Amino acid sequence: MAFLSRFFTLFKQSKLQEIDEELHFHVDMRQRANIESGMSPEEAHLDARRRFGNQTLLKERTRDIDLLVFCDSAIQDVRFAIRTLRKNPVVTIVAVLTLALGVGANTAIFSILNGLVLRDLPVRNPEQLVRVGVHSPDDPFTALSLPMFERFLVAQQVFSAMFAWWGDAVLNVETDGALSRADIWAVTGNFYSELGAVPEIGRVLTPGDVNLRAAPAQQAVLGYGFWHRHYGGKHDVIGKTIKIEGVPFTIIGVARHGFTGISAEGEPEVTVPLNAEPLFFDPPGDVQKRLNRPQSLWLEAAGRLQPGVTLEQARAQLQSLWPAIRNEMAPADRTQAGLAHFMALQLKVEPGSKGSSLLRGQFSKPLYVLLSISGVVLLLTCVNVASLMLARAAARGQELAIRSALGASRARVVRQMLTESVALSTAGALAGLAIAIWGGGALAGFITRQVFIVPAQLNLSPDWRVLGFTASA
């Protein structure tokens with residue numbers, strides 16, 4: 001600001017000096033011509049000054065270049081614009097509400113689209129995450145078996161680390177004698193550390209808690225929302241026992257607010273060690289046998305790219321490893337059709353910065369269509385408001401004529417009218433943002449209730465995309 005002020009001051013001084021020099025030059029030349037034509041020196045001087053123009057007006061306009069003067073003038077324009085809008089409350093309210101509804105509807109839909117499709121996960125360096133899995137040609141679900149994951153973990157050279165999880169399973173949970181349903185995740189020991197998660201209280205699972213070759217440690221980490229709903233946010237929850245499908249787990253910590261793991265739609269409500277997953281379905285059975293079935297695709301996995309490694313390089317290396325791993329895992333006891341189906345499995349390597357989502361594939365296209373329709377509605381809204389403002393400007397013709405007669409330049413009048421339009425648009429945008437926050441939450445809640453049994457919530461907090469969209473709308 002100081003630099004700009006100094007720049008405008010120097011520019012103003014040079015302009016004033018230029019006006020003085022031009023004045024003296026033209027006056028001197030005109031005065032000589034007048035004297036040669038027979039005028040007296042006094043008459044010649046007055047005629048020269050008159051022909052040059054109003055020197056004081058030129059200097060005043062030059063002084064308007066000063067930054068402080070410009071800012072003061074802009075503040076006066078804003079105050080006058082507010083007073084003018086207050087004098088016509090009906091027109092102002094109609095215009096603001098019309099803009100608010102149009103902007104609010106568009107922003108609400110864009111907020112959901114942003115949370116579902118565009119926003120990165122709130123984890124450490126999400127752009128480095130890459131999801132890895134296999135799928136059959138007729139099933140887009142991407143997962144691995146645990147032996148496949150371990151083979152990739154040993155052979156790959158493009159990730160600094162790999163982690164895996166089994167999630168989005170709604171199971172019966174007993175807390176202090178009360179039975180409910182919750183979203184259960186089973187994860188590897190480096191799940192939290194690779195995502196940069198820290199606990200709200202207690203601690204999170206570590207590699208020492210998850211030994212895939214030993215009996216599972218029956219420990220659990222609660223999600224922040226689950227903790228508040230079932231335990232009231234009390235810190236004495238550490239050490240208490242929670243039962244999942246009748247299996248007891250000791251609570252060791254609570255994840256921090258806003259941590260959603262690798263999901264774009266909600267937090268893991270209860271997280272347990274990965275090797276505890278078989279306990280929920282076959283407690284008396286052999287845990288290791290269930291975990292290590294090579295053809296059972298139940299495990300989702302991701303890796304964190306090493307510095308300097310691109311997604312394409314990672315995909316190329318993992319694709320080169322896949323045929324050998326698939327041949328090694330091929331079942332010997334299946335029918336020819338079953339074996340052919342297994343050998344048709346394809347490897348998928350894709351960006352993981354947006355996280356996993358059950359809603360994304362189902363609702364992305366409808367949201368884009370809905371955003372396009374609401375964009376047309378916003379365009380019609382802007383046309384109606386513009387027509388309203390033109391009619392109002394026509395009614396103010398006498399006022400504008402008087403201002404021009406009193407010396408206001410055309411640019412000054414245009415600037416005042418533009419200030420009033422900007423003030424009206426700003427009020428409409430702010431009201432629209434408030435409507436969008438309420439409407440976006442309601443629409444997102446309606447969408448999630450169609451799919452999820454347990455509470456789920458998209459991250460609709462305004463970010464630079466939402467604010468930029470609102471301002472541009």
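How many residues line the second largest pocket, and which of them lie nearest its centre? In this predicted model, the lining of that pocket is made up of 17 residues. Arg131, Pro140, Glu350, Ser356 and Ser357 are the ones nearest the centre.

The volume of the second largest pocket is about 470 Å³. Three elements each supply at least two residues of its lining: strand S2 (159-175), strand S10 (346-351) and helix H12 (360-395). Strand S10 gives the most, with 3 residues.

Rolling a probe the size of a water molecule over the atoms shows where empty space is left. There are 2 cavities of 30 Å³ or more. The second largest cavity has a volume of about 40 Å³, and its lining consists of Arg131, Val132, Gly133, Thr142, Glu300, Ala301 and Glu350. Strand S1 (129-135) and strand S9 (300-305) are the elements that give two or more residues to this lining. The largest share, 3 residues, comes from S1. Arg131 and Glu350 are named both in the lining of this cavity and among the residues nearest the centre of the second largest pocket.

The next topic is aromatic rings. A search of the whole structure gives 11 aromatic pairs. One of them joins phenylalanine 191 and tyrosine 192. Their ring centres are 5.6 Å apart, and the planes stand at 90 degrees to each other. The pair counts as edge-to-face because the angle is over 60 degrees. Both residues are buried: phenylalanine 191 has a relative accessible area of 0%, and tyrosine 192 has one of 2%. Phe191 and Tyr192 also belong to an aromatic cluster, together with Phe163, Trp165, Trp185 and Phe259.

Where does threonine 260 lie? It is in the loop between strand S7 (247-255) and strand S8 (270-273). Is threonine 260 buried or exposed? Its relative accessibility is 17%, and the limit for buried is under 20%, so threonine 260 counts as buried. Leaving aside neighbours within four places in sequence, threonine 260 is in contact with Leu121, Pro122, Gly266, Glu267 and Pro268.

Conventions:
Residues numbered from 1 in each chain as written. Predicted model: local features only at pLDDT ≥ 70, side-chain atom pairs only at ≥ 80, totals over all residues. Heavy atoms only, no water. 1 Å grid on protein atoms, 1.4 Å probe; cavity = no way out; pocket = protein on both sides within 12 Å on 5 of 7 lines; lining within 4 Å. Points joined across faces, edges and corners; volume = space filled by probe spheres on them. Helix = DSSP H or I, 4+ residues; strand = E, 2+ residues; numbered from the N terminus. Buried < 20%, exposed > 50% of the residue type's maximum accessible area, 1.4 Å probe, protein only. Contact = heavy atoms within 4.5 Å. Phe/Tyr/Trp six-rings, centres within 6.5 Å; stacked < 30°, edge-to-face > 60°.
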